[in-house]
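Welcome, and thank you for joining this tour. Please open your viewer and keep the selection tool at hand.

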Amino acid sequence: MPATIYTLVIRRNDGGSHGIESKLYATDEGNYLHILWQTPQYVCMIVADVIFIATSIEFSFTEAPPRIKSFISACYSMTQSIGNLVVVVISALSFHKQVHEYLFFSGLMLADTLLLAYLSYNYKYKAFRQRLNDSNDDHDDDDNVVTSQSGLQLDGK
């Protein structure tokens, strides 16, 4: 499949008529690029996305108190939409060369990685009381209460 660049030019007709003129230009350099060259990039993006989503959801649901877990999920969705908005704004800045845009995105990712490393190094794990079984609301026993993440078990024993 040859790599072809299409450019559509739409302009007002300067002549006596008041119509619109459109012309499609096709640039074919004869470069052949197979579609499978995109496979490694997509595999890396899918793996990174799955790892990031699983880690962030697991972290937020183990560290958040039970009453705000839905709020944490909403905040996670909001950060994704803000990230998409940042991409739209940066793409609208119209860099002169696309390599500068890629370098700018790489710089943003480096800054994000450094910020995440700093925050994870200085993070203090929370310890809060969480009831494992809601059926014992009338009893005030400590058998069904855990105070840390390491004491949390799936079977409640």
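Let us begin with glutamate 21, which is partly exposed, with a relative accessible area of 30%. Before going further, please note that this is a predicted model.

Arginine 11 and glutamate 21 form a salt bridge, and their closest N and O atoms are 3.6 Å apart. The pair brings together distant parts of the chain: arginine 11 belongs to strand S1 (residues 2–12), while glutamate 21 belongs to strand S2 (residues 20–32), ten residues apart. How many salt bridges does the count come to? The count comes to one salt bridge.

**The whole chain**

Zoom out and switch to a cartoon view. You can find three helices and four strands in the protein chain. Starting at the N terminus, the elements follow the order β-β-α-α-α-β-β. The protein chain has 157 residues, of which 9% count as buried. Among the contacts with a separation of 6 or more, 32% are between residues 24 or more positions apart.

**Along helix H1**

Next, select helix H1, which spans residues 39–63. Pick out serine 60, which lies in this helix. Is serine 60 buried or exposed? Serine 60 is buried, because its relative accessible area is 16% and buried means under 20%. Show its side chain together with the backbone of isoleucine 57: a polar atom of the serine 60 side chain lies 3.1 Å from the backbone oxygen of isoleucine 57. Then draw a distance from serine 60 to tyrosine 76. These two residues are 16 apart along the chain, and their C-alpha atoms are separated by 9.3 Å.

Move on to glutamate 63, also found in helix H1. Glutamate 63 is buried, with a relative accessible area of 9%. Which side chain does glutamate 63 join through a polar contact of 2.9 Å? Select tyrosine 123, and you have the partner: the two side chains are joined by that 2.9 Å contact.

**A nonpolar patch**

Now select Met78, Ile82, Val86, Leu93, Phe95, Phe104 and Leu108. Together they form a nonpolar patch on the surface, with about 590 Å² of accessible area. Colour helix H2 (69–92) and helix H3 (98–121) to see that each of them supplies at least two residues of the patch. H2 gives the most, with three residues.

Leucine 93 is exposed, because its relative accessible area is 53% and exposed means over 50%.

**Colouring by confidence**

For the last stop, colour the model by pLDDT. The protein chain has a mean pLDDT of 78, and 75% of its residues reach 70 or more. Where is confidence lowest, and where is it highest? The lowest mean, 50, is in strand S4 (residues 145–146), whereas H3 has the highest, at 91. Finally, select residues 153–157, where pLDDT stays under 50. For this stretch, the model has two contacts beyond four places in sequence.

How values were computed. Residues are numbered from 1 along each chain as its sequence is written. This is a predicted model: local features need pLDDT of at least 70, side-chain atom pairs count only at pLDDT 80 or more; totals for chains, interfaces and linings use all residues. Side-chain values use heavy atoms; hydrogens and water are left out. Patches are made of residues with over 30% relative accessible area and no salt bridge: like charges are joined within 9 Å, nonpolar side chains (Val, Leu, Ile, Met, Phe, Trp, Tyr) within 5 Å. Accessible areas come from the Shrake-Rupley method with a 1.4 Å probe; for residues, only the protein chains shown count as cover. A salt bridge is a side-chain nitrogen of Lys or Arg within 4 Å of a carboxyl oxygen of Asp or Glu. Buried means under 20% relative accessible area, exposed over 50%, partly exposed in between (1.4 Å probe, protein chains only). A polar contact is a pair of N or O atoms within 3.5 Å; within protein, one must be able to donate a hydrogen and the other to accept it, and residues adjacent in sequence count only if both atoms are side-chain atoms. pLDDT is the predictor's confidence in each residue, from 0 to 100. Contact means heavy atoms within 4.5 Å.
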